[in-house]
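Thanks, everyone, for making the time. I would like to talk through one model this morning, so let me put the sequence and the structure up on the screen.

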Amino acid sequence: MIVGGGLTGAACAVSFAAAGIDAVVLEAETVGSGMTAGDPGLLREGFAGSFHAAAAAHGLRTSRAAWDTMRRGALDFAAALRRYGIKCHLEVAEHIQFTPPLPEAGRSLRREYQARHDAGVEGSWMAPAAV
């Protein structure tokens, strides 16, 4: 049984069905009308949090695995949308993370980039003038 007919519930139901497992989706309202309807609809290839902080708290190996899993999940989900012919205006777009023009904010972003780069997490650095 899957409680919730939003994006996560629907994805779980499809995954179970693909694995040959019967699933029932229970939704109190209209399917896709809750948090899914209010979401901007972005598939991010990483977490919104800091890789640097995650690596300090959980270790480099665990954090790298988490970021890699998020990337693969986003790519797999986009492939599933295409495979099932779901009309959703899917398009690939670059994600840009930036800070206000304050020295400490810039240093913090640079540390985050360096931590991801050192761990082999994909990304590139743009000079402020290029942004």
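This is a predicted model: local features need pLDDT of at least 70, side-chain atom pairs count only at pLDDT 80 or more; totals for chains, interfaces and linings use all residues.

Leu 60 itself lies in helix H4, and, taken from C-alpha to C-alpha, Leu 60 and Ala 115 are 9.3 Å apart in space while being 55 residues apart in sequence.

Let me turn to the helix pair around this residue. In general, two packed helices are described by the angle between their axes and the distance between the axes. Here helix H3, residues 51–58, packs with helix H4, residues 60–83, at an angle of about 135°, and their axes are 7 Å apart. The crossing of H3 and H4 is right-handed. On the H3 side the contact is made by Phe 51, Ala 54, Ala 55 and His 58, and on the H4 side by Leu 60, Thr 62, Ser 63, Arg 64 and Trp 67.

Arg 64 also takes part in a salt bridge, in which its side chain meets that of Asp 68 at 2.8 Å, N to O. Asp 68 and Arg 64 are separated by about one helical turn, because they are four residues apart in helix H4. Across the whole structure, a search finds five salt bridges.

Finally, the surface. Met 1, Val 3, Val 24 and Leu 26 make a nonpolar surface patch of about 450 Å², and of these Val 24 is found in the loop between helix H1 (7–18) and strand S2 (25–26).

Key: Residues are numbered from 1 along each chain as its sequence is written. Side-chain values use heavy atoms; hydrogens and water are left out. Patches are made of residues with over 30% relative accessible area and no salt bridge: like charges are joined within 9 Å, nonpolar side chains (Val, Leu, Ile, Met, Phe, Trp, Tyr) within 5 Å. Accessible areas come from the Shrake-Rupley method with a 1.4 Å probe; for residues, only the protein chains shown count as cover. A salt bridge is a side-chain nitrogen of Lys or Arg within 4 Å of a carboxyl oxygen of Asp or Glu. Helices (H or I, at least four residues) and strands (E, at least two) are DSSP runs, numbered from the N terminus. Axes are lines fitted to C-alpha atoms, for helices over the stretch in contact, and angles run from 0 to 180 degrees between N-to-C directions. A crossing is left-handed if the near helix is turned anticlockwise from the far one by less than a right angle, and right-handed if clockwise. Contact means heavy atoms within 4.5 Å.
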